[in-house]
Every structure is written in C-alpha cells, then in structure tokens.
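Biologist: Please show me the chain, and then let us go through it topic by topic.

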Amino acid sequence: MSNENLNPEGPLEINLHKILRERMPRKIGKFVPGFLITGLERLIHQDELNEMLRMGYPLRGSAFAAKVLDYLGITVEVTGLDKLPAGKRFMFASNHPLGGLDGIALIAVLGKKYGDHGVRFLVNDMLMNVEPLSDVFLPINKYGNQARSAAKAINDAMASDMQILQFPAGLVSRLHDDGSISDLEWQKAFVAKAIEHERDIVPVRFEARNTMRFYRTARWRKKLGLKVNIEQALLPGELCRARGSRFKIIFGHPISWEKLKTRNENPKALAAAIRKMVYELK
C-alpha cells in the first residue's frame, strides 16, 4: 500500500464530548449536563460512525469510500459511464438525496474511473473534518483570509484536467408541498464555472431517499420558523439506517459548454433546466 493511504496518527475518532467542551465558552459549558451530550452522541450514532472510521483505516479517498459501502452492505448500480468520452474535462452535477452516502458512492465510482488524483468534490467546508476523504474534497465556503486560498484552490482545480463533482442544491433533498421529494433550487454557480473553464456538464441522477422522519423534521422546522437546520443532525442516523440498501446512479450524456454559452440564457435558468434534466434521466 502506498504511503499516501497511511495516516501516521491512527484512525480518526469522533468524540462529541471533547468537541463541545473545547468549543463552548467555559461559562456556558459547565452548565451543559453530560447526559445531554450523551444523548446527542446517540442521535448522531457516534459509536457506529467511529466503527466505520476504524474499519476503513488506513484507506483514503475512493478506497475508503468503497470500504464504507462494503461495510454497510450497500449495492450501487451504475449506468451511463459509457457515455463519457475519454480525455474530456467534466463538471458532474448531481441531485443530493441522502446527505452522506450519495457523496461517498459517487467518490467510490468516479475515483475508480479517474483515480483520486483526477477527481475533486466541492463540499461544505465542515466536511473537511471527514479526514479520510479530505484528499478529494475542496471546501467552497471558507471565510476571511481562508476564503481567498479556497477560491484559488477551486479555480486551480477548474483549470486543471481533474474532474469536478458538485451537488448544486447545496442542501439535501426535501419533501415538497405536492408530496414529491427532490432537491431545492439549484445554485447557478456551477453553470457559470463550467462555461468559464470550458467544461461539459454531466447530469447525474442518484436514486435514493432518506426516511420520512428526516423530511417531516425538516418541514416542521420550517413551519416553526427555525433558521438552524436541525434536521442535519439526523443525517448520520440516516446513513447508518441505510444498511443493505440498493442505490442507482445514472450518468447522462455530457452537455456541451459551447451549446450552453450560445443559448444566451442566464445561469439561473440554465441551472434549473439541467436540474429538470437530471430528474428525467432513466
């Protein structure tokens, strides 16, 4: 095994007690009862997540992702990879149904095809804490001085021969008023970046869903006017409950950046059109 797959510090471990005690002001932390933090540890399935991290060590990137899928007994059916010509630079734009396993599965599939050195996944900067996958991640919402270095890293990746993967919705799919479950509005930046860096866009449909508990929690949170996405705390549990599931990933035909440019439509409209195309993939 190559040195790049080794972590000399040993497997990462999530310790919510330690994290919260270190980050909360001391005056507040001393009033937070231990049983409350223990309850949060159960909510996020801390023991199961740590078992996955131990099981995957010292693998990294797509090898770690594949090991997690194997550990959970997840089967992934992939179609459409033959639509992707060799030697092209793509922007992969996927729906975001799960909030964890969808990204892990896509890393496993695309990492196997292009190699970890040839794939970069644009993610929320909080996910950089998932250390075994940090080599293929690029954070998109750093702040302050870090924002400039993060923006440069993204632009460098866009200009390179690496394949770029993104969830344009940003957030996990939600339950809508008509009873359907799908992404929220797609952000337009991925279209603008693809055109700027002359990358064809590959629409990707990931067929999967979370439990109704997640969607109902999200709807009640919204009805109550709460700004904090408390349903996000349920996502680790959703990942663990997916044991033995079967997912399907459908890759569509690449959309030429030249055609997108000549349509002379604003990026927001193009993003909406590509989102619609994703949900029509069979």
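Biologist: What share of the residues of the protein chain count as buried?

Modeller: This is a predicted model, in which local features need pLDDT of at least 70 and side-chain atom pairs count only at pLDDT 80 or more, while totals for chains, interfaces and linings use all residues. Residues are numbered from 1 along each chain as its sequence is written, and side-chain values use heavy atoms, with hydrogens and water left out. Buried means under 20% relative accessible area, exposed means over 50%, and partly exposed lies in between (1.4 Å probe, protein chains only). Of the 282 residues of the protein chain, the share that counts as buried is 45%.

Biologist: What radius of gyration does the protein chain have?

Modeller: The C-alpha trace spans about 60 × 50 × 45 Å along its principal axes. The radius of gyration is taken over C-alpha atoms, and the globule rule is 2.2 Å times the number of residues to the power 0.38. For 282 residues a compact globule would come near 19 Å, and the protein chain agrees with this, since its own value is 19 Å.

Biologist: Which percentage of the contacts with a separation of 6 or more comes from residues 24 or more positions apart?

Modeller: Contact means heavy atoms within 4.5 Å. Among the contacts in the protein chain with a separation of 6 or more, the part that residues 24 or more positions apart account for is 75%.

Biologist: Which strand is joined to strand 8 by antiparallel bridges?

Modeller: Helices (H or I, at least four residues) and strands (E, at least two) are DSSP runs numbered from the N terminus, and the protein chain has 12 helices and nine strands. Strand 8 covers residues 200-207, and seven of its eight residues are buried. Two strands pair if DSSP finds at least two bridges between them; five bridges join strand 8 in parallel to strand 2 (residues 90-94), where the partner of I201 is M91. The antiparallel neighbour, joined to strand 8 by four bridges, is strand 9.

Biologist: Which residue in strand 9 is the bridge partner of R205?

Modeller: R205 is buried, with a relative accessible area of 18%, and its side chain meets that of E207 in a salt bridge at 3.8 Å, N to O, where a salt bridge is a side-chain nitrogen of Lys or Arg within 4 Å of a carboxyl oxygen of Asp or Glu. E207 is partly exposed, at 30%. Across to strand 9, the bridge partner of R205 is I250.

Biologist: How many residues apart are R60 and E131, whose pair links distant parts of the chain?

Modeller: The structure holds 16 salt bridges, and in one of them the side chains of R60 and E131 meet at 2.8 Å, N to O. R60 lies in the loop between helix 4 and helix 5 and E131 in the loop between strand 3 (119-123) and strand 4 (137-139). R60 is buried, at 8% relative accessible area, whereas E131 is partly exposed, at 28%.

Biologist: Is D161 buried or exposed?

Modeller: D161 forms a salt bridge with R89, the closest N and O atoms being 3.9 Å apart. R89 lies in the loop between strand 1 (75-79) and strand 2, and D161 in the loop between helix 7 (145-159) and strand 5 (163-166), so the pair ties together parts that are 72 residues apart in sequence. With a relative accessible area of 63%, D161 counts as exposed.

Biologist: Which helices are included in what covers the buried residues of helix 4?

Modeller: In helix 4 (residues 46-56) the buried residues are Q46, L49, N50, M52, L53, M55 and G56. Their cover includes helix 1 (16-23), helix 3, helix 5 (61-71) and helix 10 (235-241).

Biologist: Which residues is V32 in contact with, leaving aside its neighbours within four places in sequence?

Modeller: V32 is found in the loop between helix 2 (26-29) and helix 3 (34-43), and V32 counts as buried because its relative accessibility is 19%. Beyond the neighbours within four places, the residues in contact with V32 are R21, M24 and I37.
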